[in-house]
Amino acid sequence: MGRIGEAKAPVAASDALARGRLRASLVPDLLVEARRIMNTVIAGWHGRKKRGIGENFWQFRPYVQGESMASIDWRRSARDDHTYVRDREWEAAHTVWLWADLSPSMLYKSKSASVSKESRALVLVLALAELLSRSGERIAWPGLTDPFSARNGAERLASQLAQSLSAPARPDLSGIRRFSDVILVSDFLDPVEETMAWLDVVARRGARAHLVEVADPAEESFPYSGRTEFTDPETGDKLTAGRAEELAEAYRNLYSARRHELAAWCKRLGWSYTVNHTDRLASEALVHIHMAMTSDGHGPGGRR
Amino acid sequence: MSWLSFGFPAVLWGLLALPVIWWLLRLTPPKPQTEVFPPLKILAQVFKKEETPHRSPWWLTLLRLVMAALVVLALAEPIYNPRQPVATSSSALALVIDNGWSSAPDWKLRVATAERLIKNAEAKDAPIILAFTAEKANAQIGPYSAREARERLNAAVPRPIPTDRPEVYARVGAALNDLPGATVAVLGDGLATPDDQQSFASLFGQQTGNVIWVQPDSISTVAMTAADNQVDRFSITAIRAPGNPAPAQVTAGVFDDKARRIGDAAMTFRPGESQATGDIIVPFELRNDFSWIALDGQAQAGAVRVLDENAKRRRVGLLSQTPVDQSRLLLSPLYYIRRALEPFADLVEPPSPDLIEAIPQLLAQKPAVIVMGDVGTVPESVRAQLITWMENGGTLVRFASSRLITAGNDAELLPVSLRLGERSLGGSLSWTEPQPVAQFPSTGPFADLSPPSDVTVTRQVLAEPTPDLVDKTWAVLADGTPLVTADRRGKGMVVLFHIAPQATWSNLPISGSFVEMLRRIVQLSRNQGAVGARPDVAAASLAPYRMIGSDGVLTPPSGETRPLLVGGAKAPAVTLDNPPGMYGTEEGIYAHNLLQADATLAPIERPAISVPVADERYALDESRDMKAPLLAAAAALLLADSLIVLWLGGMFRRRPRAAHATTAMLALFVLASSFAATVPDARAQDSKPGDIEAVEAISKTRIAYVLTGVANTDSISRAGLTGLTQFLIEKTALEPGEPAGVDIAKDELAFYPLIYWPIDPDAPMPSEQAIGRIDQYMKEGGTVLFDTRDQFSNGLGADSTSPATQRLRDILSNLNVPPLEPVPSDHVLTKAFFILPEFPGRFNGSPLWVEASLDAENTQGRPVRTGDGVSPIMITANDFAGAWAIDDSGAPLLPTVPSDPMQRVLALRAGVNIMMYMLTGNYKSDQVHVPALLERLGQ
């Protein structure tokens, strides 16, 4: 009887170089897949859809007292008795911080999943990078790049990822400014308090975060039975269960309690929390995040 | 340890290693399945609550320890129950073994004991004399070498016959004379025989060295000594060894000739008693099927008893001088007797009614009983034969009749002397009342019958009052006159019923008591035809048929069995040539049983012997090597351990969903199979389907019409019969159901009193079978109303026929049509409900043809002719259905020709008359005479 879950690649906990090479070899494939998934989403991507600083005409509206006289469009106002102001569509670039958890625990892939969690996280992040670059947003990877705006944002991010030898498990998020969006793709299996403490700086800065939890179905359903020894891929800790099936109920309760707590915390902050299972399609999560980002922070934000 | 010894006791020290093994086993848990699991931190929180079984469960450890202990024990080569040797002399060993019927259950013990003795003798190289007491007198006894003796011992079998000790012991004693100082081992069956003293004297001569006396500890044998078919029960007697203080119960099973168990009897031995009796109270008919009786749990020949003809059905001869008149069966003198006897007796009737021929013919059948229905005088030429038959046990039953009265007294063939003339009780010229039957006398065989309360006797023959009349009387009337008398005649008897065997003199022959009385008489009788019981033949040689084996099982005879000679002065003996069992053929069985009625099972007594005697017991030589079973047990435990380890490793739960699916599939399968067992409709096996339709068709009277296949005609028929039904409901008490259209080729016709058949030349000609069915229907009492509907379409010429008439002729040519006539004016059809001179339909003028009532007579000018039966056929051309036909609103559908409303009413009335005629027959023709009858009665 084979095992249910496995680490997708033979990665030692400290072997950063191997990780880097692996990631480099993985990225082009992921990029192609990210483009393919993104193409299904882009049809719904219609600019900023609000007035603001920009070059394109957005609307005429009646002048209200106190506004700058310079904003009055005299050509339009001359046609009747009212005074009109020309609004332009908001086209100011937005900074979106993208980050995917690349820790060893993300390498896990169970039998019923189609890809490993890391693969899914990178696909999601690169797809978002592609999406955002095309619409002219500034993207950044905390601890890896500063915000930049480029048409080929995804490629650049990928090459940066491939070149980086080691990435900290939890990057420093203090460089994130106000009005930025932060997209964090991880399995969020660490204790909830640690995750909250890590993200607290983002919340204090006033930036909006979108948490995407990539979960393997085996982690959720716990299909193990019999005498089983469990190994933590990050720490190497081992636990041996005599009758694993007896643990399943309590484990599932704890697992979902963690998720619910995190999601509730995000909701309180006005953030979104999205769960994506590796046996489902990546585009599901992409659509969720997309909706969460365009909903101005009040619309349907992911699962919560 | 006397029952257990070890080949290598030192190996048992290995058991000390068990604690070490225990300590080791506790340390090694089974290897777990390894799994990578990222959310280990979450899982770790769960683990805090669970006590991790780091060690194997205690019972698994125990299992493994037992396994180890078994292996250690097996290596020590344990031997179970080694027996101590018995001292035998070195000169010679004489083994005298009883292999009679009672040794069969524990024969193996005897063989094992004998083998031990042979082994001892072999060790001392002594010759062995081996003799069995139930073998043939000339069987070899040795001396043999040990190997030969062992072969002969193993070839010997217990026999289902008694032992013959004197003969065999004498031979052994003679043989021992040449072998001084020999050991004599007596392996007895524990039962005493009459000649024991003498036999032992001949066995233990002066030369005997010592004696080994082996007898069973107790005699557990139970044997059956008698099985009697009594009047109302079957009683069985069983014996056991005397002096047994404990009560005991044995069950006997009764089997028929197909070895089916058809009865049981329980017998209880009271404390200290050696005989027990049990009854099987089953109906007489069932008792006749008894073929043999066996005691449960006794696998020996003495516990089986075969039964023969003496217990079986009797043959009863019936004699009557009146030839049987089939049309007046109830007045036949033998009718009630035959009906009463048939269930429990084989009835024999002579082909010839002439007594001179009939009585010898009957006697040749050797009946147990001869019943004379109305025989008066027995012809002189056969009288002697009849009396001889009676003297030999025949039972003659006679009935009073006018012939008997005219024949006068007959001292030999009547039990009492009769007064001439009969006595008539009741009637217009007598003061006396018909007499009921009094309580049956307690001396007769009817004593336990309760007297019938509803039986009265109006005529009887009277007996001359003699002093012994009371003794001969079996049944009396309330005034003390005898009803049934009987007297012995040698082994047989003669019984006289003082009434006639028909119901004319008394209603006794039609009462249940009559059956009971005849049954008692028949049970008292004995079959005269048992094979071999014929006195004129000295001895008959009967081939063996079924033998009782030594294990109490009935088997086909072996080649050794000789034919049995029976019929001599004394009963044949049970020998090896004639073992117990059934002899004869299937038709006639002679039961050759092992034990006589006076047999006992007395225990043998040890004679006074001058030489040393060693008491020994029968026992199996059980020194058994235990190594292999112990190793097998260890291997089985190892297998169990492997399964348990796999189970603990989760092997059987790795896929709970699959398991659930399997369980669900299994449950579904079980469910489906249970459904499959019940779902097939029981009606599928219904040999006569269509019950629902039949019930529907007969729950209401329905008028039927023939579906011709032409839609127009059929709808008119239906509408017409609906109209008639409406009219019937309005005018008469008859409320028919919906008209029924019948397909004469398929549908059951018997449900309908009348079938209306409109002849349509366009319709296909019905098949031969369909017309055959119509013919059958008409024969069984149904009526078909043919309507050609062509009154005005016929040509003017006399010989011109319309197509419909031609078709009718074609149809009728295949039917058995009685002679027809137009309805005569005094026919009951004209007066069945309405008074009708004619029967118009849509057309008027055509006569209604019915069966000609040829033998009807109307001589006195009555309004209706008399006559039986209902015409099976009616033919008209007036188109009844057309006139009756109404639509849904009740309005007439078709005009009458000529258009006259009264004609339609008359047509409906004609229909009512036809229906009434169908349903009441000639009742109305009788009814019209009621005024005349009343007038004649003067009211």
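Two residues are in contact if their C-beta atoms, placed from the backbone, lie within 7 Å. The model is a predicted one, in which local features need pLDDT of at least 70 and side-chain atom pairs count only at pLDDT 80 or more, while totals for chains, interfaces and linings use all residues. Residues are numbered from 1 along each chain as its sequence is written, with chains lettered from A and ligands numbered from 1 in the order in which they are written.

**Exercise 1.** Find what share of the contacts in chain A with a separation of 6 or more comes from residues 24 or more positions apart.

*Solution.* Among the contacts in chain A with a separation of 6 or more, 73% join residues 24 or more positions apart.

**Exercise 2.** Describe how helix 5 and helix 7 of chain A pack.

*Solution.* Begin with the geometry: helix 5 (residues 192-205) and helix 7 (residues 244-269) of chain A have axes 11 Å apart, at an angle of about 15°. The two helices of chain A are therefore roughly parallel, a term for angles under 35 degrees. Next, list the residues: A:Val192, A:Thr195, A:Met196 and A:Ala203 of helix 5 meet A:Arg258, A:Glu261, A:Leu262, A:Trp265 and A:Leu269 of helix 7. Finally, sort the residues of this contact, which gives 6 nonpolar, 1 polar and 2 charged, where Ala, Val, Leu, Ile, Met, Phe, Trp, Tyr, Cys and Pro count as nonpolar, Asp, Glu, Lys and Arg as charged, and the others, Gly among them, as polar.

**Exercise 3.** Do likewise for helix 10 and helix 11 of chain B.

*Solution.* The axes of helix 10 (residues 355-364) and helix 11 (residues 380-391) of chain B come within 9 Å and cross at roughly 25°, which makes these helices of chain B roughly parallel. Their contact divides into 8 nonpolar, 2 polar and no charged residues.

Note on methods. Axes are lines fitted to C-alpha atoms, for helices over the stretch in contact, and angles run from 0 to 180 degrees between N-to-C directions. Helices (H or I, at least four residues) and strands (E, at least two) are DSSP runs, numbered from the N terminus. Angles under 35 degrees count as roughly parallel, over 145 as roughly antiparallel, 65 to 115 as roughly perpendicular and the rest as oblique.
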